[in-house]
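Please read this briefing alongside the sequence and the structure. It moves from the whole chain to single residues.

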Amino acid sequence: MRSISFYGDVKSTCMDTAFAGECLFSEKAHSFLEYFMRQVQKSCAWLLDLHSPVDEFHQWYVFKTVALGQMLSLFICGTAVTSQFLADQFKVNTPVLQSFINYCLLFLIYTTILAFRTGERSLLYIVKNKWRKYLLLGIVDVEANYALVKAYQFTSITSVQLLDCVGIPVLMTLSWFILQSRYRPIHFVAVVLCLGGVGTMVGADVLSGREQGKASDMLIGDGLVLLGACLYAVSNVCEEYIVKNLSREEFLGMVGLFGTFVSGLQLMIVEYHDVAAIHWDWKVALLFTAFALCMFGLYSLMPVVIKVTSATSVNLGILTADLYSLFFGLFLFGYAFSGLYILAFAIIMVGFLLYCSTPTYSAEPLPQEDDPGIDNTGLKVEEDEAAIPSAIEFTSVEDSALNNE
């Protein structure tokens, strides 16, 4: 086949009509390649340039975002390790009860905060005017947790890890249409890198035999994983909208209120006999407490990270949670180690850094602002001053103060 040089005279080469289509494709491919390389260079430049105060501020912000994302992963790792201890050592499989305790903590802390507020931010006003929406959100959140945890009883760890990634493109699609988020090519490349890291992790599981003997009904288990991933995507999009437009306390308080109600009903219907069969002692109580604290920390911290980044960014960052669980499992549960796990962690972190280093943007300009809105607001650094513009107009002074912190 006739070869075409990217750096030659493309127009003269394309004089032959038989190769016009090939030339056009090659020219577009070359243009996209150059654009992509420029984006990669821009995304990575801040890692190397320490001279500009703006660059130093940008670096600090991105590293802080990555650190917060890994804190979320460690909280998820804590819930996974404690749940596995309960299942393996004490034969306790009560995902609804464990979630119920977390929702009760959210209710006691954040719903109580709302109860002391007045006006449109008060608990009474919110429940009176928005209870249907928050009830639906509570159902979505409770069932997302239940479906994903329940799936482990029917399918393999490998299937859960792979199919759970479906939530990321679903989340990006929902953000595109609901939040009007728009992505640059570098974001799609970063997502592909992160998913490639998950594929590497799954490959390591297959080679080590970690997934063997874990599936009893693959079809039911895989369906539960897909359902849980999609419900999590819906919950995260709602969380991003509420946190950026209303307040973190309102989201957590309403999820605590309606999550307690929904999970309490489900607990009495689904897990009544399982809870009655638990042989309580101090070890079991300690594991339940540790799980509840990790879940409470996850729920409390996630809105903080989402407020300054995006739900998609957070979900990419917590892909490392399975790897942290594995590393703990090497010592606690006798898992086999593979060097591919280190490679998977590195690939996911590179993809996460690429995603965080370039801001997304909104399809429509914000009212009362001259510049278009930015989803990853903390990543948009002005040339004349190291300041982070707010992409959302907050409805209260308290929320604005929280944003400045």
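The model is predicted. The chain holds 16 helices and two strands. Of its 405 residues, 47% count as buried.

**Overall chain**

**Spans annotated in UniProt**

- An unreviewed UniProt entry lists seven stretches under "transmembrane region": residues 66–87, 99–119, 160–179, 186–207, 219–239, 251–270 and 282–302.
- In the model, residues 99–119 are 81% helix and 0% strand. The end C-alpha atoms of this span lie 31 Å apart.
- Residues 282–302 are 100% helix and 0% strand. Here the end C-alpha atoms lie 30 Å apart.

**Helix α14**

- Helix α14 covers residues 321–332, twelve residues in total. From first C-alpha to last it reaches 16 Å, close to the 16 Å expected at 1.5 Å a residue.
- Its buried residues are A321, L323, Y324, S325, L326 and G329.
- An α-helix has 3.6 residues a turn, so residues three or four places apart point the same way.
- Just after α14, G334 takes a positive phi of about 70°.

**Aromatic pairs**

- The whole structure contains six aromatic pairs.
- One of them joins Y324 and F345, with ring centres 5.8 Å apart. The ring planes meet at 65°, over the 60 degree cut-off, so the pair counts as edge-to-face.
- This pair links distant parts of the chain. Y324 sits in helix α14 and F345 in helix α15 (residues 339–357), 21 residues apart.
- F345 has 24%, so F345 counts as partly exposed. The limit for buried is under 20%.
- W176, Y183 and F188 form one aromatic cluster.
- R182 lies over the face of W176, at 3.9 Å from the ring centre.

**T312**

- T312 is placed in helix α13 (residues 311–317).
- Its relative accessible area is 2%, so T312 is buried.
- Which residues does T312 touch, not counting those up to four places away in sequence? They are L171, M172, S175, Y183 and Y355. Of these, Y183 also belongs to the aromatic cluster with W176 and F188.

**D164**

- D164 lies in helix α6 (residues 157–164). The position also falls in the UniProt stretch 160–179.
- D164 has 30% relative accessibility, so D164 counts as partly exposed.
- Leaving aside neighbours within four places in sequence, D164 is in contact with L148, S159, V225 and A229.
- Where does D222 stand relative to D164? The two are 58 residues apart along the chain, and their C-alpha atoms are separated by 9.2 Å.

How values were computed
Residues are numbered from 1 along each chain as its sequence is written. This is a predicted model: local features need pLDDT of at least 70, side-chain atom pairs count only at pLDDT 80 or more; totals for chains, interfaces and linings use all residues. Side-chain values use heavy atoms; hydrogens and water are left out. Helices (H or I, at least four residues) and strands (E, at least two) are DSSP runs, numbered from the N terminus. The expected span of a helix is 1.5 Å times one less than its number of residues. Buried means under 20% relative accessible area, exposed over 50%, partly exposed in between (1.4 Å probe, protein chains only). Rings of Phe, Tyr and Trp (its six-membered ring) pair if their centres lie within 6.5 Å; planes under 30 degrees apart count as stacked, over 60 as edge-to-face and the rest as tilted. A charge sits over a ring if NZ of Lys or CZ of Arg is within 6 Å of the ring centre and within 35 degrees of the ring normal. UniProt positions are given in the numbering used here, feature names are shortened, and annotations may be inferred rather than shown by experiment. Contact means heavy atoms within 4.5 Å.
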